[in-house]
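Subject: Structure for you to look at

Hello,

Here is the structure I said I would pass on. My notes on what turned up follow below the model.

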Amino acid sequence: MILQAVMFDMDGLLVDSEPLWFEAEAAIMTRMGSSWGPADQQHLIGGSLARSTAYMQAKAARPVPEEIIGKWLVEGMADLVRARGVQVMPGALDLLAEVAGSGLPYALVTSAEPEIMAAALDSIGACFPVTVCAADVARGKPDPEPYLRAAARLGVDPARSVALEDSPTGIRSAHAAGLTVVAVPSVPPPPGLARLTVPSLRAVSLATLREAVSGHSPGDP
């Protein structure tokens, strides 16, 4: 099978935004009278804003409406990204440049809200011909809708496309949409859903992605 398109996740895959997410979430939980720890953040990795706000509201000693928590979270995170920037993940820009230079269609498929997506991409100097973010879908990851929408916008067959993902939520979304998944896990991935699992995007090239979608493992004859 010939590779038609490459789709990238953002948080945890292209950029290491988790330290800023932790800071934004912890500040909100302090306002609501509760603590916030690494286990709380890990529980939310790769999820939607609605999932995050519901979890935070349930944990709060002095809860406020979920829409208020969401507003605080989006504004706080976007402000942090604009003020400090985000760290690009090792190998991410090299792979993105290789894919773009090949002429293959490619897209960003993220659970982030549009304000946060724009701030993060501006921070690392990256742009995508197609983006799908939280505002573009009715059902976010792990539902397949984000990847199916990206494939439709690119005009490609999901079954001939590769998704690069770091979170269980994103891996499930891409797999359910019929894409070949290359996992660069930030937390233990769900078993059996990724065609290939690597420790870093430094281990991934366009040749790696072509081999993955063809059903071969890297190095196979």
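A salt bridge here is a side-chain nitrogen of Lys or Arg within 4 Å of a carboxyl oxygen of Asp or Glu. By that criterion the structure holds eleven salt bridges. Please keep in mind that this is a predicted model.

Overall build

The protein has nine helices and eight strands. Its radius of gyration is 17 Å, close to the 17 Å that the globule rule gives for 221 residues, so the protein is as compact as a globular protein of that length. Along the principal axes, the C-alpha atoms fill a box of roughly 60 × 35 × 30 Å. Of the 221 residues, 50% count as buried. The exposed surface comes to about 9,600 Å², and carbon and sulfur atoms supply 54% of it. If you take the contacts between residues at least 6 apart in sequence, 60% of them join residues at least 24 apart.

Arg-84 and Glu-23 meet through their side chains in a salt bridge, at 2.7 Å from N to O. This pair links distant parts of the chain, with Arg-84 in helix α4 and Glu-23 in helix α1, 61 residues apart. Arg-84 is exposed, at a relative accessible area of 53%, while Glu-23 counts as partly exposed at 32%.

A further salt bridge joins the side chains of Lys-59 and Asp-40, at 3.6 Å from N to O. Lys-59 lies in helix α3 and Asp-40 in helix α2, so the pair ties together parts that are 19 residues apart in sequence. Which of these two partners is buried? Asp-40 is, because its relative accessible area is 10%, and buried means under 20%. Lys-59, at 31% relative accessibility, counts as partly exposed.

Helix α3

Helix α3 covers residues 49-59, and its buried residues are Ser-52, Thr-53 and Met-56. Seen down the helix axis, these buried residues fall within an arc of 95°, so they line one face of α3. They pack against α1 (18-31), α2 (38-44) and α4 (66-84). The face of α3 turned away from the buried side carries the exposed residues Ala-50 and Ala-58.

Lys-141 forms a salt bridge with Glu-165, with the closest N and O atoms 2.7 Å apart. Here too the pair links distant parts of the chain: Lys-141 is in the loop between β5 (130-132) and α7 (145-154), Glu-165 is in strand β6 (residues 161-165), and 24 residues separate them. Both Lys-141 and Glu-165 are buried.

Lys-141 also has a polar contact, side chain to side chain, with Asp-9 at 2.9 Å. Asp-9 is found in the loop between β1 (5-8) and β2 (15-16). With 5% relative accessibility, Asp-9 counts as buried. Leaving aside neighbours within four places in sequence, the residues in contact with Asp-9 include Leu-108, Val-109, Thr-110, Tyr-147 and Leu-164. Lys-141 and Glu-165 are also among the contacts of Asp-9, so both partners of the salt bridge described above touch this residue under the cut-off of heavy atoms within 4.5 Å.

A salt-bridge network

One last item concerns four charged side chains. Arg-139, Asp-143, Glu-145 and Arg-149 are linked in a network of salt bridges.

Regards

Terms used: Residues numbered from 1 in each chain as written. Predicted model: local features only at pLDDT ≥ 70, side-chain atom pairs only at ≥ 80, totals over all residues. Heavy atoms only, no water. Helix = DSSP H or I, 4+ residues; strand = E, 2+ residues; numbered from the N terminus. Buried < 20%, exposed > 50% of the residue type's maximum accessible area, 1.4 Å probe, protein only. Polar contact = N/O pair within 3.5 Å; in protein donor to acceptor, adjacent residues only side chain to side chain. Arc of directions from axis to C-beta. Rg over C-alpha atoms; globule rule 2.2 N^0.38 Å. Areas by Shrake-Rupley, 256 points an atom, 1.4 Å probe, with all protein chains shown as cover.
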